[in-house]
Amino acid sequence: MSLAVHYKNFTESSFAQRITLRSGLAPAVVVLAAIPLIFVIYSSGQLSTGGWLSLWTQRLPELLWNTLTLSVLVAIGCFILGVSAAYWISRRDFVGRKLSIWLMVLPLTIPTYVFAYIYTSLLEDEGWLGQLWHFIFGAQSVVPELYNVLGVTFVLSLAGFSYVFLLVRGALSVSQREFEEVARLHGLNSFQVFWRVSLPLMRPAIAAGLALVVLHTLSDFGAVSMLRYQTFTLSIYMQMNGRDSYEAAAGLSLVLVFLSLTFLILERFFRNRQRYYGSGKTRHIQPKKATRLETIAIWFWLGLISIFSFILPLAWMLSWSWQALVDGLITSVFWGYVGNSLFISIAAATLTVIIGLPVALYHARKRSVLSQFYLHVSSVGFVLPGPVIALGILAFVLAVVPVIYGGFIVLLLAMTIRFLPLAIQAEESAAQQLTPSIEQAGRSLGATAWQNLRRVTLPIIRGGMMSAWVLVFIDTLKELPATFLLRPTGFDTLPVRIWIEASEEMLELAAPSALFLVIGTLPILWFLMREQTDKNR
Amino acid sequence: MSNITVLFSRLFKIFTVTILVASTVVYSGSVMSAGDSLVIYSGRSDKFVKPVVAAFTKASGIKVVIHTGSSTSLLNKLKLEKARTDADIFISNDAGNLQRGNTAGLFAPVTNKIAAAIKPQFRGKENNWLGLSARARVLVVNTKAKDTDFIQSVFDLADPRLEGKIAITHSSNESYIAGVTVYMLSAGKERTRAWLKGLKQNSKGRVYNKHRKIVKAVARGKKVVGLVNHYYIYRYLNKNPNAPIRILMPDQESEDGKPMGIAWNVAGAAITKHSKHKDLAMKFMAYVSSAEGQKIFAEVNREYPTRDDVPAASMLPPVGSFKVAPVSMYKLGEERNATIDLIESVGMP
């Protein structure tokens with residue numbers, strides 16, 4: 001009898017919890033995340049037929065072509081750099097392997113606009129690379145410029161290949177060795193093994209990495225605007241800043257949203273079709289000891305990659321920061337920018353991780369069409385360009401809660417919405433380890449909903465939450481366009497200062513800020529890498 | 001169990017750090033933007049604005065917070081913010097934005113006494129904005145290049161002989177748009193459209209994001225001729241006195257004897273309508289339009305002062321020695337959208 005009552009109470013309370021926590025909280029977060037999208041749909045609804053027509057005929061064909069070519073080229077670039085590095089590092093043991101892993105991840109600390117800025121200044125006639133070029137090819141030769149599709153591809157590939165590297169390496173270090181051994185036994189040479197066995201096994205990870213790269217390319221603002229390459233994002237920004245109405249910008253944004261969503265759905269479709277299952281007994285692959293020749297070849301290639309993707313930019317930052325230090329330009333004002341940047345990044349990371357949790361848990365438990373829909377809608381931040389997100393939030397705040405306008409909270413809201421997808425993704429993949437029986441066991445042992453969350457659920461997905469925090473922290477630290485529009489008066493962050501100084505060609509003022517972004521990200525990155533190696537062990 | 005303790009001690013740490021940092025920054029932020037300082041939305045480069053602001057603070061003791069951005073986006077921000085704005089002063093690098101702000105009713109007039117110091121053609125109709133420094137849209141020509149004698153007008157940039165030889169900036173540059181407005185109003189829409197098509201052809205889709213780089217490209221012989229604001233040429237010559245470039249004041253002569261004249265533009269400032277420190281803002285406007293303030297603009301950036309009694313830098317062609325297209329500054333704002341439509345219809349990058 002008493003047991004039955006207890007059971008009844010349990011199911012009822014669990015039902016109540018379902019209403020408040022799962023069915024209530026998750027949609028609330030999704031609505032919050034959808035604010036910019038609602039703005040875009042509303043504003044583009046204001047666009048007249050004539051407006052659409054002129055967009056369609058005059059702007060779209062060129063923008064579509066430019067954006068798609070760039071995405072394909074950047075994907076190819078990141079594929080070559082990321083996969084080659086990941087394959088060698090996880091399959092061969094060579095001197096300095098640990099260092100090489102770091103070198104492949106470090107470019108993540110440099111934002112795209114800093115890459116673009118550094119390389120344009122290096123390639124000027126009196127820049128380091130410009131001088132080198134003249135030394136090799138003669139004083140009359142023309143140094144190549146970055147103001148074209150190849151230049152932008154170069155910059156975005158260097159800035160993005162680390163995502164592919166990280167994901168593919170993660171996949172390679174757990175993939176089963178049997179497949180490769182069997183292929184070997186059947187007489188395939190090592191290239192054939194790579195091409196016909198290892199590569200297909202890596203496909204899901206490569207797809208996920210390239211998807212990340214393409215989404216970054218579609219919404220990149222910094223590099224394309226520094227290099228004046230007309231993509232959707234730059235054109236949207238120019239529409240916003242050229243005219244006093246935002247309708248055309250909203251129209252273009254809507255097209256971009258469709259483009260990105262199509263891409264996301266395609267990517268998911270192909271990834272779902274490629275699932276590989278191994279036997280239960282998986283052995284981690286012990287990398288083979290590299291021969292001396294292999295070591296030289298590997299280091300030549302990895303060295304080349306990291307010279308361009310990290311060492312050269314770092315040297316540039318150090319040299320100009322030194323100049324700034326000598327000139328006494330690093331004052332308390334500079335440390336104020338550092339403080340602002342750290343503050344917003346810590347606050348945004350913490351808030352985003354908390355807000356993302358309900359949606360991630362909801363999807364992990366339900367796996368329904370509705371939860372999938374929530375997931376898609378809350379990835380708006382990844383699909384819309386930063387300036388548009390900022391504008392949507394601005395319009396929302398001024399129309400609905402004008403009291404908070406101008407305050408720090410608006411900027412925080414923007415960062416949260418922009419980087420929510422990162423947090424949800426990381427948390428959701430961690431939450432997949434949660435089998436319903438674990439949570440049910442907790443409840444049947446008499447834990448309240450809150451106790452269950454605190455003592456069962458959270459500890460299990462702790463790692464995922466930590467990675468989510470780190471990812472959001474890094475991206476907020478580098479965020480430029482939304483911060484530019486929404487920062488409280490006089491609240492300059494490091495990216496904002498880099499942008500201002502760079503547009504005035506004050507190299508010695510831009511460099512210390514860029515350097516500090518790298519330094520500020522390092523401990524966080526170290527933490528992320530440690531988590532990854534722990535997992536792989 | 002220990003896992004949970006660790007997790008919570010970590011979460012707690014993060015929480016504490018956040019609170020700590022938050023309170024410090026909020027505190028320092030509240031000190032920084034304390035109620036009694038003057039807030040400027042500045043669409044000009046910091047390096048032009050800071051010297052005059054520093055001089056103003058030194059002379060008046062009034063603290064200033066500068067919020068930097070692009071003129072157009074700051075104007076849009078003002079428009080959205082309405083009465084909630086923090087801004088007391090709006091500084092624009094272009095007359096077009098000042099006039100647009102005026103039309104949208106965002107500004108408050110300065111006193112007649114302050115306005116009287118500035119030449120009438122360089123200020124808004126109801127003294128709602130003041131032009132503080134003027135610039136000429138000119139050509140920079142490489143002196144070593146051959147066959148450049150035919151270049152007399154900006155319209156010559158579309159000449160097929162200059163294919164691949166011209167350097168221009170991108171179409172969202174405010175100076176560029178203002179220049180096209182002047183040409184459009186002086187020479188007509190169709191001629192300007194044809195000209196833009198020629199520019200697109202001759203620049204081969206490659207535009208420069210900085211005027212400084214245009215001058216440099218011409219000086220290095222990569223391009224023959226470029227379209228820039230006059231002071232970029234002198235800034236380059238100041239650093240490289242022997243560079244093979246010269247300034248060419250375009251449209252001073254024509255076959256019909258009625259040349260168009262050069263396009264002229266001003267950078268300026270206005271007091272915002274919703275400023276909470278109108279008295280401080282008025283003091284700032286008085287300072288920047290005084291002889292003392294004007295001299296700083298003339299010296300720092302080699303622009304033309306907008307007061308009669310302050311001379312321009314000595315190397316510049318003096319005002320009056322060249323013909324200026326008779327387009328009023330406020331037209332740059334009124335015709336701005338029409339100009340952008342025209343540029344977009346040609347599809348310039």
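Start at the interface: 42 residues of chain B are in contact with 35 residues of chain A. Contact here means C-beta atoms, placed from the backbone, within 7 Å. Which elements of chain B give two or more residues to that side? They are helix 1 (2-32), helix 2 (46-60), strand 2 (64-68), helix 3 (71-81) and helix 13 (336-346) of chain B. Helix 1 of chain B gives the most, with 11 residues. Helices (H or I, at least four residues) and strands (E, at least two) are DSSP runs, numbered from the N terminus. By class, the side of chain B that touches chain A has 14 nonpolar, 18 polar and 10 charged residues. Ala, Val, Leu, Ile, Met, Phe, Trp, Tyr, Cys and Pro count as nonpolar, Asp, Glu, Lys and Arg as charged, and the others, Gly among them, as polar.

A word on the source. This is a predicted model: local features need pLDDT of at least 70, side-chain atom pairs count only at pLDDT 80 or more, and totals for chains, interfaces and linings use all residues. Residues are numbered from 1 along each chain as its sequence is written, while chains are lettered from A and ligands numbered from 1 in the order in which they are written.

Now chain A. It has 24 helices and two strands. Its radius of gyration, over C-alpha atoms, is 25 Å, close to the 24 Å that the globule rule (2.2 Å times the number of residues to the power 0.38) gives for 537 residues, so chain A is as compact as a globular protein of that length. Along the principal axes, its C-alpha atoms fill a box of roughly 95 × 70 × 50 Å.

Next, helix 6 (residues 174-187) and helix 13 of chain B. Their axes come within 9 Å and cross at roughly 95 degrees. That makes the two helices of chain B roughly perpendicular (65 to 115 degrees). Axes are lines fitted to C-alpha atoms over the stretch in contact, and angles run from 0 to 180 degrees between N-to-C directions. Helix 6 of chain B brings B:I177, B:V180, B:T181 and B:M184. Helix 13 of chain B answers with B:R336, B:T339, B:I340, B:L342 and B:I343. Six of these residues are nonpolar, two polar and one charged.

Last, chain A again. Helix 2 (residues 35-45) and helix 17 (residues 386-400) of chain A pack at about 90 degrees, axes 8 Å apart. The residues of that contact divide into 10 nonpolar, one polar and no charged.

Key. Contact = placed C-beta atoms within 7 Å. Parallel < 35°, antiparallel > 145°, perpendicular 65-115°, else oblique.
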